[in-house]
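Open your viewer and get the model on screen. We will take it piece by piece, one selection at a time.

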Amino acid sequence: MTEIKLEIGYEEYEDGQKMSVLIEELAQKPEASTLSSLVIGNWGGAYEDSSQALVDMLIQYKDHFPALRKLFIGDMESEECEVSWIMHGNLNGLFAAFPALQSLTIKGSSGLELGEIRHERLEELIIICGGLPANVLASIAEAQLPALQKLELYIGVEDYGFDGTLEDVMSVAKPGLFPNLTYLGLKNSEIQDEIAAAIADSELLESLETLDLSDGTLSDVGAEALLASDRIRKLPKLDLQYHYLSEEMMRRVATELPNADISDRQETDHYDGEEYRYPALTE
Amino acid sequence: MMSSSGSLHDSLAEAHRTPMLLIAHADNERTTGISQALRSLDLPAPVIVTYEQLLSGVSLQEAALQAGLPAGVTPLIRIDAPGEHFGVERSLIALGAPDHDQNDLLLPLRDRKDPYRLSARDAYALEEHPVRLLHPSQWFRGFCRLLQRIETEAYEAWRNVRFWNDPAEIAIMFDKRVCHTRLSQAGVNVPTLLAEPHLLTGYEALREQMRQKRMYRVFLKLAFGSGASGIIAYQINPRTGAEIAITTLNAEVYVQRPGVFYNSKKVRTLTDSENIRTLIGYLCGHGIHAERWIPKPSIEGRPLDLRQLVAFEATGHTVVRAGESPITNLHLRSQRLSPHESGLSEDILNAAKHEALAAMCAFPNSASAGIDVLTDRHSGRAYIADVNPFGDLIRRVQHENLDPYTWEIKRWLNHGIHARRSQNV
């Protein structure tokens, strides 16, 4: 596997360098023909310039990247741009342009559109963000991805772009939607308890190897629902890292669900008589 | 006068003949560390003059003689940190009061007015609140007045006295605004300044400068803060108008004007404009330094920067700090890493050392400082974020098998103290 990461530093951005130009230059190089993994990091000013131009350039030069199997758009940290401020555009064209792609990771969700998704070979779809918009959830719920094995979605919080409902979230977890799915992550959510309760007895769990409900606001309420489900007990792996379980509940989960990872416990904040819990990736 | 190029033998003889006069707090970690270091090198114990003594009105010479300095002997004066001592903090605020207004020769930006000035009497009535910021600008004015007094009294008492770190340079290092200017003029890499301090009159003015310069991510610093005190990592989104401030600074404005400001142990992320406006307004009132936010490299998602000790023109101890937030200061539960553990490349570490040495050269009359260095995660370029004249308290780290104080003093033995380059800085 060969991997290249492209990124633009602050000075280069100030000097007027553009990610789309870097992609165009890469496409002309001999290594483009064997490149299997492309990581697009900070493209500079990602809080105001969306990924649209660079995505369009990738699509334009699609034939120069015949070996491309993995694509990551937006690999940057909060030292460069807050995740909820990363601007995307309509990435739908990528699916038709790269029919051999196996893995697509997108970081950031502001302005993100995926449109109608049809792809025969895609095995992994990962969206890392502070809040997933309902239109993206709807695209995934209608997607035709027969090869999809891993779906990992950071659901996030309303303040950072999650404008859907529990039903919108659960629509991507319909049994039979992705017949080869073995890893489902519905994580980093401020409604993590509701998601846990809604998924706990789903028929979908029969075929999963990993259910990932990590990084969210999971509390004893959601954990009770998980404990009550036989299907949860039978799962090979249950990822609950970063949670708000009480110590007593942690003991119960540790005893009754040996398949669960309950590391990284968080403390609930109390302020003016209210309880506050935050997902991991919300700034 | 001994020159800095004196032979090893002369330097050793000088150190053995020249007792160190340490202006510090009695019995704190620094004082103990320096005493132990001197003892381990078979040098005379330091003559300790406390801030409390000086602030109670005892002259430097009198205090030194009381503390055991033999008459007729000229000491080397090392001024150490005045912080973490409420009584001294209060006395320095009182010394900065209008009652004592004078020429303020060592105060770098002396024409600026402090907000809500307290009389000496009101200053002495202040009560201790462990995390509260009492009056940073008046405190600094008082500290500079004390530095000036120490300098004057020292030259009166001992004509050829020398300082480990020069009082006027300590004042400049301590004021992040003029320190940035000094470094910049010396050709040292520093993060680009957002705007001259006098343009940053408040929240609106600051944001206007950010928009004009298209510098949407900045570090805002209380001009004379230490540690993470009064630091805000601030960013505005030019597209949506949203803003995020990451800081330990907190305010209770409804209690009394001008409000109560304090540092919490926890770093908070604020998005509420009114709250942010209050905190930025406070920094602007007392003195703000605003510079570009250099995107730091990270290890497992935690941003890294480093503290580099420099003494007598050599680099010593290096500590890499991995923060839980963009603000990496050690007491905020950041993790300390050795350069090796941090995964930073040799090139990057060398660039940081090189820049730290260059920064120290901008202070020719001072021997040592703990210098905070930022590295751009993309280019690897090193930038100086802070020059701390008292930044040599670095725990549990060795260089050449020596703790920081012993290493520094050994450098002093081998190189001799610098001759003062000019009398008027």
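Start in chain B by selecting G287(B), the residue that follows α11(B) and has a positive phi near 140°. (Helices, H or I of at least four residues, and strands, E of at least two, are DSSP runs numbered from the N terminus.) Before going on, note that this is a predicted model, in which local features need pLDDT of at least 70 and side-chain atom pairs count only at pLDDT 80 or more, while totals for chains, interfaces and linings use all residues. Residues are numbered from 1 along each chain as its sequence is written, and chains are lettered from A and ligands numbered from 1 in the order in which they are written.

**Helices of chain B**

Now colour the buried residues of α11(B): I276(B), L279(B), I280(B), G281(B), Y282(B), L283(B) and H286(B). A residue is buried if 20 or more other C-beta atoms, placed from the backbone, lie within 10 Å of its own, exposed if 12 or fewer, and partly exposed in between.

Next, select α13(B), residues 346–361. Its 16 residues should span 22 Å, and its end C-alpha atoms are 23 Å apart, which agrees. Among its buried residues are I348(B), L349(B), K353(B), E355(B) and M360(B). Show what the buried residues of α13(B) pack against in chain B: α9 (176–185), β12 (302–311), β13 (314–322), α12 (339–342), β15 (368–375) and β16 (382–388). Contact here asks that C-beta atoms, placed from the backbone, lie within 7 Å.

Just after α9(B), pick out G187(B), with a positive phi of about 85°.

**Domains of chain B**

Colour chain B by domain: 8–163 is domain 1, 197–292 domain 2 and 296–415 domain 3, with bounds from an automatic or database domain assignment. Where do domains 1 and 3 of chain B touch? In this contact, 14 residues of domain 1 meet 11 residues of domain 3. On the domain 1 side, α1 (8–17) and α2 (29–40) of chain B each supply at least two residues, and α2(B) gives the most, with seven.

**Across to chain A**

Now show both chains: their contact takes 16 residues from chain B and 12 residues from chain A.

Then hide chain B. Chain A has 10 helices and 12 strands. Of its 283 residues, 45% count as buried, and its C-alpha atoms fill a box of roughly 60 × 45 × 30 Å along the principal axes.

Select the open sheet of chain A, with 10 strands in the order β1-β2-β3-β4-β5-β6-β7-β8-β9-β10 and parallel pairing. Strands pair if DSSP finds at least two bridges between them. β1 (3–6) and β10 (260–261) of chain A stand at the edges with a single partner strand each, so one side of each is left without a neighbour in the sheet.

Finish by zooming in on β8 (210–212) and β9 (237–239) of chain A, which run parallel and are joined by three bridges. Here L211(A) stands opposite L238(A).

How values were computed
Contact = placed C-beta atoms within 7 Å. Expected span 1.5 Å × (residues − 1).
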